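Reader: I would like to go through some local features of this model. Where shall we start?

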Amino acid sequence: MTQHQRLLIIDFGSQVTQLIARRLRELNVFCEIRPYQTVTEATIQEMAPKAVILSGGPDSVTREGSPRAPQALFDMGLPIFGICYGQQVMMEQLGGKVEAGHHAEYGRAYVSPADGHTKDSIFAGLFEAGNEQVWMSHGDRVTQLAPGFEVIGVSPNAPLAMVADEARKFYAVQFHPEVHHTPNGAKMLENFVKMAGFTGDWTMASYKDEAIRIIREQVGDKKVICGLSGGVDSSVAAVLIHEAIGDQLTCVFVDHGLLRLNEAEEVVTMFRDTYKIPLIHADEADLFLGELEGVSDPEVKRKTIGRLFIDVFQKYANGIEGAEFLAQGTLYPDVIESVSFTGGPSVTIKSHHNVGGLPEKMGLKLVEPLRELFKDEVRALGRELGLPDKFIGRHPFPGPGLAIRCPGEITREKLDILRKADAVYIDQIRKHGLYDEIWQAFAAILPMRTVGVMGDGRTYDYALAIRAVTSVDGMTADTYPFTHEFLGETMTRIINEVKGVNRVFYDLTSKPPGTIELE
């Protein structure tokens, strides 16, 4: 889509390849991640990148048939930066040597400068305070440099930890500069893109203008339907498309009865009244809650909600005459993850929150204006479009809604208790000025009742769990360290203000081993 300067990331299967892209996007550099098996000399020429990064990966270059970069890449005159497995691939393909059987290195390590190392390479500005802390994750290591390379930095278990061939603008490191545990890793990436001639032309203002132009070209005078959940992604997509084609867009807001307190009213008011976007409010709470009655298995819940959502959406969309396009808030991580690195199945932890299957059933063409963006970039685009900060900065909310914050059987009584308790909890977080420090916070009603004492009477009410986590991208998460005073105050408010709760727990589980949501 974009006409900006491009950087190609060839992915060899690292768990943190997305972080490379995120670091580069923060530098206003547009980049694309492509699995190694899809990259050929022809695809590189077609993409015309200004530079290439080779990612890490789980394989060993010493294994016969292990992944490689196209050999022609090294003759194209492009700056190349190899990371971990990417370094080993460079050395192996350019005439160096990689060996297994040495000491593996995982976690924090320190790299010291090699004697006579070049100081004006992409490693400029490093070693000023002594050795550099880095994050290692490798079993093999380079034992012989390819011709033309010099050693820049060494570590105890990686004597060729940082190497460079300045003449060809080839650079490589054994560690991961993209992770937070390598404090000066961002500096290396910044040096690399500057050396490669990137001017930082990737901005949300330019993206917005390009996206509007492309939506108009794609849609023409046809109509578009957008499934609006009220979340940030679908909302930003809807406002962007409406800015491009006006009343050719109709939003269908499926209200499944599993939203937070006053959420349906807020969505309808903002889109129908504030943005004047044609909106169908499909109030189908009775249908969803009726089908979920007696269901306690979390996967059955998700699949039931997904199936009903498709049926309801299709019912209302069929009433929109002449619609040829379906708008979705697909993000770049969804696009990346849809291509398996090995071509085989991955383990299903739980069904994805997003609901699929609509385009196939309805025969509509897709409009996906956010498919090149990460979550933080969607928020930046939302601000560019004028959406209020309070809305743009909202914590993620799952598609199945409160159904997965209500383990066990779902009832209207439990949902009512949960809505009120969650509202008190979030109000507490906002009052203490903590909302923007937290990635996601919510209450969950547990499938148990406990004995309590309130006043002079005995109670037998529900127990509630409250959860708050910090995260960069939702892939991993840590518990937010509330003070005991905050937790005590919050517990008191919930029990005093929400009838039906007499006990509150704080969930201290990180991700992994847990997931962010309870189900």
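Author: Start with how elements are named: helices are DSSP runs of H or I with at least four residues, strands are runs of E with at least two, and both are numbered from the N terminus. The model is predicted.

Reader: Which helix supplies the largest share of the lining of the second largest pocket?

Author: The second largest pocket has a volume of about 650 Å³. Of its 22 lining residues, those closest to the centre are L261, E266, K390, R394 and R430. At least two lining residues each come from α7 (263-274), α13 (389-392) and α14 (412-431). The largest share, 6 residues, is that of α14.

Reader: How many residues of that lining are charged?

Author: The lining of the second largest pocket holds 10 nonpolar and 2 polar residues. The charged residues in this lining number 10.

Reader: What distance does α7 reach from its first C-alpha to its last?

Author: α7 has 12 residues, and at 1.5 Å a residue 16 Å is expected. The reach of α7 is close to that value, at 15 Å.

Reader: Is C84 buried or exposed?

Author: Most residues other than glycine have a negative phi. C84, in the loop between β4 (80-83) and α3 (85-93), has a positive phi near 55°. Its relative accessible area is 3%, and the limit for burial is under 20%, so C84 is buried.

Reader: What is the relative accessible area of N28?

Author: N28 lies in the loop between α1 (17-26) and β2 (30-35). Its phi is positive, about 60°, although N28 is not a glycine. N28 is partly exposed, with a relative accessible area of 32%.

Reader: What is omega for the peptide bond from P512 to P513?

Author: Most peptide bonds are trans. The bond from K511 to P512 is cis, with omega near -15°, and P513 is in the segment after β20 (501-506). The bond from P512 to P513 is cis, with omega near 15°.

Key. Residues numbered from 1 in each chain as written. Predicted model: local features only at pLDDT ≥ 70, side-chain atom pairs only at ≥ 80, totals over all residues. Heavy atoms only, no water. 1 Å grid on protein atoms, 1.4 Å probe; cavity = no way out; pocket = protein on both sides within 12 Å on 5 of 7 lines; lining within 4 Å. Points joined across faces, edges and corners; volume = space filled by probe spheres on them. Nonpolar A, V, L, I, M, F, W, Y, C, P; charged D, E, K, R; others polar. Buried < 20%, exposed > 50% of the residue type's maximum accessible area, 1.4 Å probe, protein only. Expected span 1.5 Å × (residues − 1).
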